[in-house]
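This briefing is intended to accompany the sequence and coordinates shown below. It sets out how the chains are arranged and then treats individual chains and their contact.

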Amino acid sequence: MITESRLKKVLQSGHFAVTAECGPPKGADPEVVKSKGRILKGYVDSVNVTDNQTGVVRLCSLAACALLNAEGLDPVLQMVTRDRNRIALQSDVLGASALGIRNILCLSGDHQSFGNQPQAKGVFDIDSIQLIQTVRNMRDAGEVIGGEKLSAPPHMFIGAAANPFADPFKYRAARLATKVDAGAEFIQTQCIYNLNRFKQWMDLVRDYGMDNKVCILGGITPLKSARMAEYMAQNVAGMDVPEEIITRMKAVPAKEQRKEGIKIAVETVEALQAVKGVRGVHIMAIEWEDAVPQIVQEAKLFPRPQV
Amino acid sequence: MSVYAEQRGIDAIFSDYERISRTLMDHKSAELNIAIFFCQQLDPNQDVNRRVLERELGKRIRFFPLPCSGRIDSLHLMRALESGADKVYVVTCPEGACHYREGNIRAKKRIAYTQGLIEEIGLERECLELIVAPVGTAVTIDELAKGLLARKAPISRSPVHGQKA
Amino acid sequence: MITAERKPLSEIKEMIAPYKKILVVGCGSCVAECASGGEKEVGLLSSQLRMDAKASGKEIDLKEMTLDRQCVYEFIDQLTDVIGQYDIVLSLACGAGVQAVAEVFPKVPIVPALNTTFLGETKEAGLWIENCRGCGDCKLGVFAAVCPVTRCAKGLFNGPCGGSKTDRCEVDPNVPCAWQLIVSRLEDMGRLDLLRKVHPPVDWSKQQGKGPRKIYREDQRA
């Protein structure tokens, strides 16, 4: 069992970090989670577990993180504010810490209308930035919202998401600064296909002096097909997939498209290593966890450093 | 009569609904009752021209001149049906020719809305009909009305028609 | 104003089916403004119900009335002389009006003809949009008069979220992203400083209340 955040140690020792994502099943079988963990172990520093992503009911992130922890991985608990009020959220932070989970990613969450429970009440008692601040205060001041003291504070390395491709573009760096002020220590971005736009955002981030205050991990999602690229370009909110990428995927026969997707991913990882202020990559290969070891190896990031 | 007096007249008729509902149209005849709301701009002599048909057909036909077809209200149409009109026509000026610019467009929307309401109670949409006056040729209201009278009748009758007063 | 929409006719007919003498009461305020429960709408609904009854051979006796405001007892009292002659009140008021009438005449059955929806503005003729959720703790001064509780689908106080694209909300491309609007308005006013600090967790107890909320003013009491 891990008692310290490996992600934090890797970043603090100046290494280029690699994290990946594990999507829990729409079912109660723990073996699904454990086997995904085994695929990723050794190739990544930490593994995010999504929290009922797109409002679809799945095995909860907290339980999945505990399962991964028992397998010897360093999980990142993704926590959305859509489904739980502040009582439940703070309670889950204490529970996660008690189970040895040491990383948390604070998010608002996709709107409930997207998932398989569109009639559910979206809670949104607090938003993602208020959650970051709450976890920070629990950890550093040993307090819950309202000021009452905890008997033992949680240990958490706090992260947030950032979308360099959503609007308003100019305001995004200011919003990042607000997240850092609230207590964010690492950032995982939306997946990057438009490197130029991402670099422009990093310029803004560095102008704000943010690169010294927070560890930014660039998001990568390998494309499985040209159709996936098109779908993401048109249907996913806040996503920027340039025409050249779609053309490149279409130019390759269907059987070869996965290989091309991995190639693009590896190129992006290599490019990100050269961008000043980027401290790592976050590989989101949902339902394609096998792709991660290949990408990590081809980008020459294997083996992971000893810390 | 001044333009606005005509409108007040129509509103007055339909606001005093309970009094006129039994007397507005002919309830004894087996023939169709027809109500014609029309834009006055179509026939400057409408006041005179329509009397011929009114004398000929009695309370089987009722004319309601409007200062503009855009002044038609869903309520007028409903009350007309409820007063025993089996078929209600709204005659507007041709598109683009409305004296008040959008009146005929508004009339179209209100007729469509009212058609939805009568469908809810099982009446056919065709009980209400928008008639756009022909472009170019000037037409008198009695000529127009004769043309309407010759048209195919809707299958349903007003639920009020034929009932004992 | 409070907005509402007329219920499907089948639902209304079902509620009044057991009754013959029906007092149809509209309201001249909010629901008249949004063309769902005013004098005209009382007329339209009554015409429909009468014609429908005639067509199905049912006997029905409807009276049409419209009060200036159906949520104020002074106006509701105008029903006193008539209400005894009817078996049921079909109210075209918002939920507040329906219940107020029931408070004044608790022995008379009353049913709603409308579904009360939201607090909003008349954006254009025929278009009403929600803009207030009665949170009891108005912060419009901080957010450039754009309410994040109402107009942000996630009610964020430190927005926008990652799904906001070309100033549209991720939930519905026809809905503008409230946070885009807040940021651009504050930018125009030179007040982006209002967003610099983290807005703390909101006190939702002011909106939830402990049961129905109330306002009590001693100076206004009789």
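**Arrangement of the chains**

Chains A and B make no contact with each other, and their nearest C-alpha atoms are 29 Å apart. The model is predicted. Of the 2 pairs of chains that do touch, the pair formed by chains A and C has the most contacts.

**Chain B: fold and surface**

- The secondary structure of chain B consists of 7 helices and 4 strands.
- Their order along the sequence of chain B is α-α-β-α-α-β-α-β-α-β-α.
- Chain B contains 165 residues, and 54% of them count as buried.
- When the contacts of chain B between residues at least 6 apart in sequence are considered, 80% link residues at least 24 apart.

**Chain C: fold and overall form**

- Chain C comprises 9 helices and 9 strands.
- Chain C is more spread out than a compact globule, because its radius of gyration is 22 Å, well over the 17 Å that the globule rule gives for 222 residues.
- The C-alpha trace of chain C spans about 65 × 45 × 25 Å along its principal axes.
- Among contacts in chain C with a separation of 6 or more, 59% are between residues 24 or more positions apart.

- Of the 222 residues in chain C, 41% are buried.
- Chain C exposes about 11800 Å² of surface, and carbon and sulfur atoms account for 51% of this area.
- The side chains of chain C include 29 positive and 29 negative groups.
- The centres of these two charged sets in chain C lie 4 Å apart.

**Contact between chains C and B**

- Chain C contributes 13 residues to the contact and chain B contributes 16 residues.
- The size of an interface is often given as the accessible area lost when the parts come together.
- For chain C and chain B the buried area is about 1400 Å², and carbon and sulfur atoms give 60% of it.
- On the chain C side, C:Leu44, C:Met51 and C:Lys54 together supply 42% of the area that this chain buries against chain B, which is more than any other three residues supply.

Technical notes: Residues are numbered from 1 along each chain as its sequence is written. Chains are lettered from A and ligands numbered from 1 in the order in which they are written. This is a predicted model: local features need pLDDT of at least 70, side-chain atom pairs count only at pLDDT 80 or more; totals for chains, interfaces and linings use all residues. Side-chain values use heavy atoms; hydrogens and water are left out. Contact means heavy atoms within 4.5 Å. Helices (H or I, at least four residues) and strands (E, at least two) are DSSP runs, numbered from the N terminus. Buried means under 20% relative accessible area, exposed over 50%, partly exposed in between (1.4 Å probe, protein chains only). The radius of gyration is taken over C-alpha atoms; the globule rule is 2.2 Å times the number of residues to the power 0.38. Accessible areas come from the Shrake-Rupley method with a 1.4 Å probe; for residues, only the protein chains shown count as cover. Lys and Arg count as positive and Asp and Glu as negative; His and the chain ends are not counted. The place of a charge is taken as NZ of Lys, CZ of Arg, CG of Asp or CD of Glu. Buried area is the accessible area (1.4 Å probe) that two parts lose on being put together, summed over both.
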